[in-house]
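Hi,

Here is the structure I said I would pass on.

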Amino acid sequence: MPIVAGGGLSGLSAAYYLSKKYSKSCLKLLLLEGSDRCGGWVKSDQRADFLFEAGPRTIRPKGIPGANTLNLIEDIGLSDAVLPIPSDHVAARNRMIYANNKLHLLPSNLMGALVTKPPFSKPLAMALLHDLKSKPKLNLDDDSMYNFVSRRFGKELADYAISPMLCGICAGDAKQISVKFLLSHLFDMEQKHGGVVKGLLKNAFNKSKRNANVLGSLAQKAKDEKWNIYSLKGGLEVLPKAIEKSLEANNIPMYTNHKIQEIAFYKNNQKVNIKVKDDYAFCSDHLYSCLPAYKLGELLDKSHPQLSGELKNIPFVNVAVINLQYDAENLLKQSAFGFLVPPMEKLPILGVIYDSCCFPNQKGTVITVMMGGKWFEEYFGDKPSESQMLEVAETQIRNILHIEDRPDNYKVNILEKCIPQYVVGHHDRVKRIRKYIQDKSLPLSLCGSSYDGVGVNDVILSALTAVESTNLT
Ligand SMILES: Cc1cc2nc3c(=O)[nH]c(=O)nc-3n(C[C@H](O)[C@H](O)[C@H](O)COP(=O)(O)OP(=O)(O)OC[C@H]3O[C@@H](n4cnc5c(N)ncnc54)[C@H](O)[C@@H]3O)c2cc1C
């Protein structure tokens, strides 16, 4: 009997794909979740006339991971719940950064890249010239995003585009995050061809065929209608809830309040013992771990200390998510997705999302302030109170957006160790972890945000990949 550990989005997806793959063979399957609910970081608070999201709020439809999520959404009957934001929507076009005490719209098309727009001192297109003129740094295994982008495209792009972008994606520091996190192919071009533009030109004559057969009808619709991002009516938590419902309909047991305490392998590593209480354990042929790496590391401390050490070395950061709702409409002077703050501005916020611009069918003005991440302890110490975090968020909103009103509703979410950081060397670490599992023939698969991508699409695809690459007979 395979066991799925963790009932976040990756765990629910793994259980879903397993139940689908083995639907004819009556394979028994079980999911163990430590808390009192499934869904993990996906948490939506739908009030009467507005929505507060504590975790993820939008999903990208593009690429194979994007299409895979849309296929899942279609499979479980959620197509009608999708709320797309097309690429000509104001929230798709207008993304801003806050620098030098001002909000600046980032260029969103080629024309915008050809003119000088503050805070940049030259047109963004000049970054390509910088790449052509700059010497490559060869024979590197990895590098930080910041180093790579400054070397190839100039320091301004690293400071004002890449650094705030990483605050938005993983609440991380571009000076520490690996270039392979997002720009692996561009890094390869530098290493192979001496520069990105040179690599692009060579590859233009050498186009590889992409697998285009993965688009279901919802994914095809997203492509045809040029969706930029999307959410779901009622919030993203509708997705894990619908997967849970589908698992229930297939009689897959999901045990909440079953926190795993220890994992050990026996019978020549063919079986797994999963202890949930001192006198209570489950025995399994294969474990799909959908737990954060550091938690899995703690559970393997006794049986596999080397593996445990590697898993625990993947760092995670805390993020505070402050949802604010004002009954007054039109408090935001510029319609946009929101803005990000470059770390060099030394402000205690990562960025602000304009929820009611993205999804306007809400009462008044709804925004979300993201704070902390890599800089959480530096700004807020070990255990900040909710009122302290609310005050910081309100002060920044007053200073930057000039909103003097107090919010009519708010919610403060302090999320501990919620986003893994793919720091320089991460990809080699994950390779070592997988090699260890393979060399010892451990019946263990790894899914979730700790290894191959931190977003919703990545963790769902990680579950599919793990299920497809194991054969349980
Ligand atoms: C603030 C925030 C904003 C985000 N925004 C976006 C976004 O807009 N778009 C996007 O694509 N992605 C976003 N993400 C990322 C996305 O939320 C994650 O990729 C995804 O939710 C991770 O799912 P998971 O199943 O891997 O992990 P988790 O959600 O961490 O699930 C792990 C589960 O394991 C359980 N567990 C832990 N320990 C044990 C134990 N010992 N025994 C049993 N169970 C245990 C936990 O209770 C939890 O339910 C965001 C993340 C955060 C935190």
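Pro119 sits in the loop that runs between α4 (110-113) and α5 (126-133). The peptide bond joining Pro118 and Pro119 is cis, with omega at about 10 degrees. Bear in mind as you look at this that the model is predicted.

Asn100 is not a glycine, yet its phi is positive, at about 50 degrees. You'll find Asn100 in the loop between β6 (95-99) and β7 (102-105), where it is partly exposed with a relative accessible area of 46%. Ala171 does something along those lines: again not a glycine, and again a positive phi, here about 55 degrees. The loop in question for Ala171 is the one between α7 (155-170) and α8 (184-193). Is Ala171 buried or exposed? Ala171 counts as buried, because its relative accessibility is 3% and the cut-off for buried is under 20%.

Now for the chain as a whole. I get 18 helices and 19 strands for the protein chain. Its radius of gyration is 23 Å, close to the 23 Å that the globule rule gives for 473 residues, so the chain is as compact as a globular protein of that length. Along the principal axes, the C-alpha atoms fill a box of roughly 65 × 55 × 45 Å. Of the 473 residues, 52% count as buried. If you take the contacts with a separation of 6 or more, 72% of them are between residues 24 or more positions apart.

Cys290 first. Look for it in the loop between β13 (286-289) and α12 (293-299). Cys290 counts as buried, because its relative accessibility is 9% and buried means under 20%. What does Cys290 touch, not counting residues up to four places away in sequence? The list is Val4, Ala5, Gly6, Ser10, Gly11, Ala14 and Cys447. Gly338, 48 residues from Cys290 along the chain, has its C-alpha atom 31 Å from that of Cys290.

Then Asp45, which belongs to strand β3 (residues 44-46). With 18% relative accessibility, Asp45 counts as buried. The side chains of Asp45 and Arg47 are joined by a polar contact of 3.0 Å. Leaving aside neighbours within four places in sequence, Asp45 is in contact with Phe50, Leu51, Phe52 and Lys411.

Last, Lys363, in the loop between α14 (355-358) and β17 (365-373). Lys363 is partly exposed, at 38% relative accessible area. Once neighbours within four places in sequence are set aside, the contacts of Lys363 are Asp49, Phe50, Gln325, Tyr326 and Asp327. Tyr410 is 47 residues away from Lys363 along the chain, and their C-alpha atoms are separated by 13 Å.

Cheers

Technical notes. Residues numbered from 1 in each chain as written. Predicted model: local features only at pLDDT ≥ 70, side-chain atom pairs only at ≥ 80, totals over all residues. Heavy atoms only, no water. Helix = DSSP H or I, 4+ residues; strand = E, 2+ residues; numbered from the N terminus. Rg over C-alpha atoms; globule rule 2.2 N^0.38 Å. Buried < 20%, exposed > 50% of the residue type's maximum accessible area, 1.4 Å probe, protein only. Contact = heavy atoms within 4.5 Å. Polar contact = N/O pair within 3.5 Å; in protein donor to acceptor, adjacent residues only side chain to side chain.
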